[in-house]
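Dear colleague,

I am handing over the structure below, and after it I set out what was found when it was examined. Please read the notes with the coordinates open beside them.

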Amino acid sequence: MATSSSSTRPYEIIVFGASGFTGQFVAEEVARTSAEGPKGTLKWAVAGRCRQKLEKVLDQVAETLSKPELKSEVDIIIADVGEPDSLAAMCKQGVIVLNCVGPYRFYGEPVVKACVENGAHCIDICGEPQFLEGMQLNYNKEAAEKGVYIIGSCGFDSIPADMGVLYTRDQFKGTLTAIESFLTVHTGPEGACVHDGTWQSAVYGFADSAKLRSLRRKFGYKPLPVVGSKIKKRSPLFYSEEIQQYAVPFMGADPSVVKRTQRYLCEELQESPVQYGAYAGVGGIGSVVKLMFAGMLFWFLAKFSFGRNLLIKFPEFFSFGVFSKEGPTKKQMEGSSFCFSFIGEGYTEDQDPEQGKPNSKIRIQVKGPEAGYVATPIAMVQAAITLLNEPKSLPKKGGVYSPGAAFSKTNLIERLNKHGIQFVVVGTAEA
């Protein structure tokens, strides 16, 4: 690796924010994955503000996995985003920091700064485009000089989408020009629920959308070249034949993350960029009515500080129970799963993309367990394992990357397949 190798730092992975709602599941996933590597057990630690809470997490993980030895094998590091010296001390001890402390717009930058300055790679599970792109603008040059990899959005936002687009492109025989993805989430009898940390990110992200536009202007990017026919924009609500239910544009970070990856592949590796449209299924007409009502209320309240305070104070009420301060129960998580359908179109090898309409289609699915707290830790930990074990397959120099840009030449998809996030070709057809 470009920075300190595992042998000179006591820990290969440090889970920062391990006592938070998502962090505890990430710590569990690291423990589960720990003994799989070619060199045997991974050297790792948990970090956060409160020793007692971190001890409790290790107790729970040891009990869940029936590994009582964990409590003596895994060290605890005290670090706080409000204390730069503690972050520096933490980053000096690890090869990779898995940052689980959000919302990232408030707490993410000090961790990125400390990682870059102290030679630790950083992986997060952020779904906030403003933070992700802001870190690229402010830290890419310094990270590249130090050989440090800062890789954001390595959870459900946005590894399934970003790697799914690359997988679709790689499975297509010819020139793939456009992809649409359709996300469907399946829940069991207990229903589903998301911890309100994600809700907070959405509230602040919506309120700050003008800042994101001005941030993007600072990059001075030229539009990406369009190969083949221009992708058609769908209406804000439509019935999708692809998934047999009503769908809306996907509101998360996926479209912006995929675009960053496509820009990197086009500008740095001279690969043909793929146009991308992301949508999410919302179900039948009853769900549509509920969504429209909640959406209008959210749109109105998120504009004003008193409205944002209300949204953040009562997530369950304003989201019809989709978000809560407690997060999902174990039964809800066990009964939930997700499926991304990627529909790609392009030109077969014997067809000129400059002439006529696309003549071939491909359909891919990326399927996995509950998105937020089962699939996200799997994706994050496998991203870290890939970073540790495949340094020669990463971009030549460090920097701030999207997952697809960092991992396009690695075996990350094979690793995910082995850990329950499945990438499969459903079929191909003539367009």
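Two residues are said to be in contact when they have heavy atoms within 4.5 Å of each other. Please also keep in mind that this is a predicted model.

With that sense of contact, Gly134 can be described first. Gly134 belongs to helix H7, which covers residues 129-146, and, once the neighbours within four places in sequence are left aside, Gly134 is in contact with Pro129 and Leu215. Gly134 counts as buried because its relative accessible area is 8%, where the cut-off for buried is under 20%. From Gly134 to Tyr11 the separation is 123 residues in sequence and 28 Å in space, taken from C-alpha to C-alpha.

Helix H16 itself is mostly covered, with 16 of its 19 residues buried. Its reach from the first C-alpha to the last is 25 Å, which is close to the 27 Å expected at 1.5 Å a residue. At the start of H16, a side-chain oxygen of Glu370 comes to within 3.1 Å of the backbone nitrogen of Gly372.

Turning to the strands, seven of them form an open sheet with mixed pairing, in the order S9-S10-S11-S7-S13-S14-S16. The edges are strand S9 (238-240) and strand S16 (422-430), each of which pairs on one side only. Averaged over the sheet and with direction ignored, neighbouring strands are turned by 30° against each other.

Which strands pair with S11, and in what sense? Strand S7, residues 175-186, runs parallel to S11 and is joined to it by six bridges, and within this pairing Ile179 has Tyr276 of S11 as its bridge partner. Strand S10 pairs with S11 in the antiparallel sense over four bridges, and here the bridge partner of Tyr246 is Gly283 in S11. S11 is mostly covered, since eight of its nine residues are buried. Helix H12, residues 285-301, lies across S10 (245-249) and S11 (275-283), and H12 runs at about 105° to S11.

Further along the sheet, strand S13 (residues 337-347) and strand S14 (residues 360-369) pair in the antiparallel sense over 10 bridges, and among these Gly346 has Ser360 of S14 as its bridge partner. Ser341 has its place in S13, and it counts as buried because its relative accessible area is 2%. The side chains of Ser341 and Arg363 are joined by a polar contact of 3.4 Å. Apart from neighbours within four places in sequence, the residues in contact with Ser341 are Glu180, Ser181, Phe182, Ile243, Arg363, Ile364 and Gln365.

With neighbours within four places in sequence left aside, Thr261 is in contact with Asp162, Leu166, Ser402, Gly404 and Ala405. Not counting residues up to four places away in sequence, Cys266 touches Leu224, Pro225, Glu271 and Pro273. Ala405 is 139 residues from Cys266 in sequence, while the two are 10 Å apart in space, C-alpha to C-alpha.

With best regards

Definitions and conventions:
Residues numbered from 1 in each chain as written. Predicted model: local features only at pLDDT ≥ 70, side-chain atom pairs only at ≥ 80, totals over all residues. Heavy atoms only, no water. Pairing = 2+ DSSP bridges. Helix = DSSP H or I, 4+ residues; strand = E, 2+ residues; numbered from the N terminus. Axes fitted to C-alpha atoms, helices over the stretch in contact; angles between N-to-C directions. Buried < 20%, exposed > 50% of the residue type's maximum accessible area, 1.4 Å probe, protein only. Expected span 1.5 Å × (residues − 1). Polar contact = N/O pair within 3.5 Å; in protein donor to acceptor, adjacent residues only side chain to side chain.
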